Amino acid sequence: GGSVGVEVLQQGKNVMDVITRRAVKLSNGPDERLAQMFPGVPPDVRDKYRLDSKSATVPEMVEKLRQACTTKLEGGSVGI
C-alpha cells in the first residue's frame, strides 16, 4: 500500500516524481506534507479539520468524511 512508498523514502531510496522526473524528498513532518499537498489552506483551517491519528476512531473518520461530502439540496434534502 501507500506505507511502502513512505518506507522507501525514509530509507533514503529515490522514488521518481513522474511529473518532474526528479527524486521525491520526504518532508520533515505531517504539517509540512499537508502544507505541500494543499498549499492554499491556512494553518488554522488545517488544524480545525485534522483528526488526531492516535485517538481518532473509524466511525469518527467516516462521520467527518460524510460531513465533508454532504451538501444541502433544494427542497431540504441532502446529497452526498
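**Briefing on the predicted model**

The protein exposes about 7,000 Å², of which carbon and sulfur atoms supply 56%. The model is a predicted one. Its secondary structure amounts to four helices and two strands. Buried residues account for 8% of the 80 residues in the protein.

**Overall architecture**

- Reading from the N terminus, the order of the elements is α-α-α-α-β-β.
- When contacts between residues at least 6 apart in sequence are considered, 0% of them join residues at least 24 apart.

**The largest pocket**

- The space in the largest pocket comes to about 460 Å³.
- This pocket is lined by 17 residues, and those closest to its centre are Tyr49, Arg50, Leu51, Lys64 and Ala68.
- Two or more lining residues are given by each of the elements α3 (43–49) and α4 (58–69).
- Helix α4 provides the largest share of the lining, namely five residues.
- By residue class, the lining consists of 10 nonpolar, two polar and five charged residues.

**The salt bridge**

- Side chains of opposite charge can pair when their charged atoms come close.
- The structure contains one salt bridge.
- The partners are Arg66 and Glu63, whose closest N and O atoms are 4.0 Å apart.
- Both Arg66 and Glu63 belong to helix α4, where they are separated by three residues, or about one turn of the helix.
- Arg66 counts as partly exposed because its relative accessibility is 43%, a value between the limits of 20% and 50%.
- Glu63 likewise counts as partly exposed, with a relative accessibility of 37%.

**Backbone at Arg21**

- Most residues other than glycine have a negative phi.
- Arg21 has a phi near 65 degrees, which is a positive value in a residue other than glycine.
- The position of Arg21 is in the loop that runs between α1 (2–10) and α2 (30–37).
- The relative accessible area of Arg21 is 59%, so this residue is classed as exposed, the cut-off for that class being over 50%.

**Points to locate in the structure**

- For the pocket, Tyr49, Arg50, Leu51, Lys64 and Ala68 mark the residues closest to the centre.

Conventions
Residues are numbered from 1 along each chain as its sequence is written. This is a predicted model: local features need pLDDT of at least 70, side-chain atom pairs count only at pLDDT 80 or more; totals for chains, interfaces and linings use all residues. Side-chain values use heavy atoms; hydrogens and water are left out. On a 1 Å grid over the protein atoms alone, a cavity is a set of points where a 1.4 Å probe fits but cannot get out, and a pocket is an open set with protein on both sides within 12 Å along at least five of seven lines; lining residues have an atom within 4 Å of a point. Grid points are joined across faces, edges and corners, and a volume is the space filled by probe spheres set on the points. Ala, Val, Leu, Ile, Met, Phe, Trp, Tyr, Cys and Pro count as nonpolar, Asp, Glu, Lys and Arg as charged, and the others, Gly among them, as polar. Buried means under 20% relative accessible area, exposed over 50%, partly exposed in between (1.4 Å probe, protein chains only). Contact means heavy atoms within 4.5 Å. Accessible areas come from the Shrake-Rupley method with a 1.4 Å probe; for residues, only the protein chains shown count as cover. A salt bridge is a side-chain nitrogen of Lys or Arg within 4 Å of a carboxyl oxygen of Asp or Glu.
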